[in-house]
Amino acid sequence: MGHSHDHHHHGHSHNHGHNANKKALFSSFIIIFLFMIVEVVGGFVTNSLALLSDAGHMLSDAAALGLSVLAMIFGQKGTSSSKTFGYKRFEILAAFLNGLALIVISLIIFWEAFHRLLAPPQVISSGMLMISIIGLVINIAAAYILMKGDKDENLNVRSAFLHVIGDMLGSVGAIIAALLIMFFGWSLADPLASIIVALLVLVSGYRVTMDSIHILMEGVPPNIDIEKVKETLLKLPEVLKVHDLHVWSVTSDFPALSCHIVVESELDNQLLQKKMKKVLHDEFHLEHTTIQIDVDGEQCCKDEHCN
């Protein structure tokens, strides 16, 4: 009977990416927090809901980014006897809260926009236009910084990136609304622009929330086909059966696998484990694997889950 537990150089690459992500998130947090204050003041001065809704989104951005940075700091804490994976999953909790924040912000914007559609207020379009243009530039800068992070693999960075993209589109909407008010006196443009922003924010929030719930529920990573993993292992001539196969994510860029392998008789378990690790790493990018090797007829002590 054999057992394998493999990290396969995961620590070094994970920490390198982790530090890059933390730096990107922190830089974006500073930029967005400072401009959020400007946008809140500008929104009240110009009486623009489009600006205030964008400022509300930026407030959730600042909170989300700050929480994400804290999550990554916690995530780097070492393991303990009570938390054997350390605090890596804290990043997913932060992403979950970010998603919920986006949904709540969008609902608040919808509510306020509804009232403004019934009674459009006067808006100082020139001030609204100026602040919106500055906001667009700020958001482009923040998005560029976050693109340097690992937004495709790290859910925390991706949720922050979606926040910023939502802000960017919000700034574009506010610019268009300001121009429509300035040149055509169309006051409805302001609440309509805020509704468009709210829709974008709602979609982003829903996606991030559902992705984080999937990880918290230890769902199979979307880029891994668990049946294909099983078939690949069964193709190895030494392997008779594969059971109790589990693939999940500890955090968004840390997939893990555990399973039982049944072989015909005692083999060179170290050699077989090495072969399986290589296959799992090369074909599925699985670096954290725990594999139990059992001899046919002796495995699992006749456990009813063995099949």
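I began with a term: buried means under 20% relative accessible area, exposed means over 50%, and partly exposed lies in between, with a 1.4 Å probe and protein chains only. I also noted that helices (H or I, at least four residues) and strands (E, at least two) are DSSP runs, numbered from the N terminus.

**Entry 1. Ground rules**

I am reading a predicted model, in which local features need pLDDT of at least 70, side-chain atom pairs count only at pLDDT 80 or more, and totals for chains, interfaces and linings use all residues. Residues are numbered from 1 along each chain as its sequence is written, and side-chain values use heavy atoms, with hydrogens and water left out.

**Entry 2. The whole chain**

I looked up the elements. The chain has eight helices and four strands. From the N terminus, I read their order as β-α-α-α-α-α-α-α-β-β-α-β. Of the 307 residues, 49% count as buried.

I then looked up contacts (heavy atoms within 4.5 Å). Among those between residues at least 6 apart in sequence, 76% join residues at least 24 apart. For the surface I used accessible areas from the Shrake-Rupley method with a 1.4 Å probe; for residues, only the protein chains shown count as cover. The chain exposes about 15,200 Å², and carbon and sulfur atoms supply 66% of that area.

Is strand S3 largely enclosed or open? Nine of its 10 residues (254-263) are buried, so the rest of the structure largely encloses S3.

I checked its partners next. Two strands pair if DSSP finds at least two bridges between them. Strand S2 (residues 239-251) runs antiparallel to S3, and nine bridges join them. A hairpin of two residues connects S2 to S3. Strand S4 (residues 288-295) pairs with S3 in the parallel sense, over eight bridges. There, Val-263 stands opposite Val-295 in S4.

**Entry 3. Nonpolar cores**

I kept one general point in mind: in soluble globular proteins, nonpolar side chains tend to be buried together. A nonpolar core here is a set of buried Ala, Val, Leu, Ile, Met, Phe, Trp, Tyr and Cys residues joined through side-chain atoms within 4.5 Å.

Which residues touch the most other members of the largest core? I found Leu-25, Ile-32, Met-128, Leu-146 and Val-164, out of 31 residues in that core. The elements giving two or more residues to this core are H1, H2 (49-75), H4 (125-147), H5 (155-184) and H6 (189-216). H5 gives the most, with 10 residues.

Leaving out residues up to four places away in sequence, Leu-25 touches Leu-65, Ser-68, Val-69, Met-72, Leu-146, Val-157 and Ala-160. Apart from this core lies another, of 20 residues, including Leu-236, Ile-261, Met-276 and Ile-293.

**Entry 4. Salt bridges**

I counted a salt bridge where a side-chain nitrogen of Lys or Arg is within 4 Å of a carboxyl oxygen of Asp or Glu. The structure holds four salt bridges.

Arg-116 pairs with Asp-190, their closest N and O atoms being 3.4 Å apart. This pair links distant parts of the chain: Arg-116 is in helix H3 (residues 90-118) and Asp-190 in helix H6, 74 residues apart. Arg-116 is buried, at 9% relative accessible area. Asp-190 is also buried, at 0%. Glu-112, Arg-116 and Asp-190 are linked in a network of salt bridges.

Glu-238 pairs with Lys-275, with the closest N and O atoms 2.7 Å apart. Glu-238 lies in the loop between helix H7 (226-234) and S2, whereas Lys-275 lies in helix H8 (residues 269-284), 37 residues apart. Glu-238 is partly exposed at 22%, and Lys-275 is partly exposed at 32%.

Lys-278 pairs with Asp-282, also with closest N and O atoms 2.7 Å apart. Both lie in helix H8, four residues apart, about one turn of the helix. Lys-278 counts as exposed at 52%, while Asp-282 counts as partly exposed at 42%.

**Entry 5. A nonpolar surface patch**

Patches are made of residues with over 30% relative accessible area and no salt bridge; like charges are joined within 9 Å, nonpolar side chains (Val, Leu, Ile, Met, Phe, Trp, Tyr) within 5 Å. I found a nonpolar one formed by Phe-26, Ile-30, Phe-33, Leu-34, Ile-37, Val-41, Val-45 and Ile-124, with about 720 Å² of accessible area together. Phe-33 belongs to helix H1 (residues 10-46). Phe-33 counts as partly exposed, at 35% relative accessibility.
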